Amino acid sequence: NAYYLYELSDIYTREGVGYERASQMARLGSLARNNVPFALHSDFTMAPARPLQHAWIAVNRINAAGNVMCPDERVTLDAAMRAITINAAYALGRENEIGSIAQGKKADFTVLEADPYETPVENLRDIPIWGTVFEGTPFPLGKPRF
């Protein structure tokens, strides 16, 4: 859970295991370099259910105090986006029905107001959500759903 790096690494640095160990929490870069698929999740209610924030943490490795923690464990934007989409579906054993847009898969997905691949990675978590598509029907945020 990358959120633990964000929320706890500064505390663990000061009051627990020290900087070296605290900064290496969620060693996603090591997984990526060794071609191990990984997913990002929230452990909701332990962490917010905000996939773009988890991707932002994985790419930037900046904690709540603003410190970069073990930059060698950063992942690429593509690896982070896969971790909240197709790899998350794979972790659930449902990659053949969800996790990417393809013929025959469920048309359930989030629509962003900006392309993550054209947004600076420092701003990834700030991309506004336009709405969702559920079973092929678009539902803009702020609009009545019923």
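Q: Is glutamine 53 buried or exposed?
A: Glutamine 53 is buried in this predicted model, because its relative accessible area is 5%, where buried means under 20%, exposed over 50% and partly exposed in between, with a 1.4 Å probe and protein chains only. As for the ground rules, this is a predicted model in which local features need pLDDT of at least 70 and side-chain atom pairs count only at pLDDT 80 or more, while totals for chains, interfaces and linings use all residues. Residues are numbered from 1 along each chain as its sequence is written, and side-chain values use heavy atoms, with hydrogens and water left out.

Q: And what is glutamine 53 in contact with, leaving aside neighbours within four places in sequence?
A: With those neighbours set aside, glutamine 53 is in contact with Tyr3, Tyr6, Pro48 and Arg125, contact being heavy atoms within 4.5 Å.

Q: Which helix is glutamine 53 in?
A: Glutamine 53 sits in helix H4; helices (H or I, at least four residues) and strands (E, at least two) are DSSP runs, numbered from the N terminus.

Q: Why is H4 largely enclosed by the rest of the structure?
A: Nine of the 10 residues of H4, which spans residues 51-60, are buried, so the helix is largely enclosed. Among the buried ones are Leu52, His54, Trp56 and Asn60, and what covers the buried residues includes helix H1 (2-15), helix H3 (28-33), helix H5 (77-83) and strand E1 (109-112).

Q: What happens just after H4?
A: Arginine 61 takes a positive phi of about 55 degrees there.

Q: Switching to the largest nonpolar core, which residues touch the most other members?
A: Of its 25 residues, Leu28, Leu40, Ile57, Val75 and Leu124 do, a nonpolar core being a set of buried Ala, Val, Leu, Ile, Met, Phe, Trp, Tyr and Cys residues joined through side-chain atoms within 4.5 Å. H1, H4 and H5 are the elements that give two or more residues to this core, and H4 supplies the largest share, six residues.

Q: What does valine 75 touch?
A: Not counting residues up to four places away in sequence, valine 75 touches Leu28, Gly29, Ala32, Phe38, Ala58, Val59 and Ala80.
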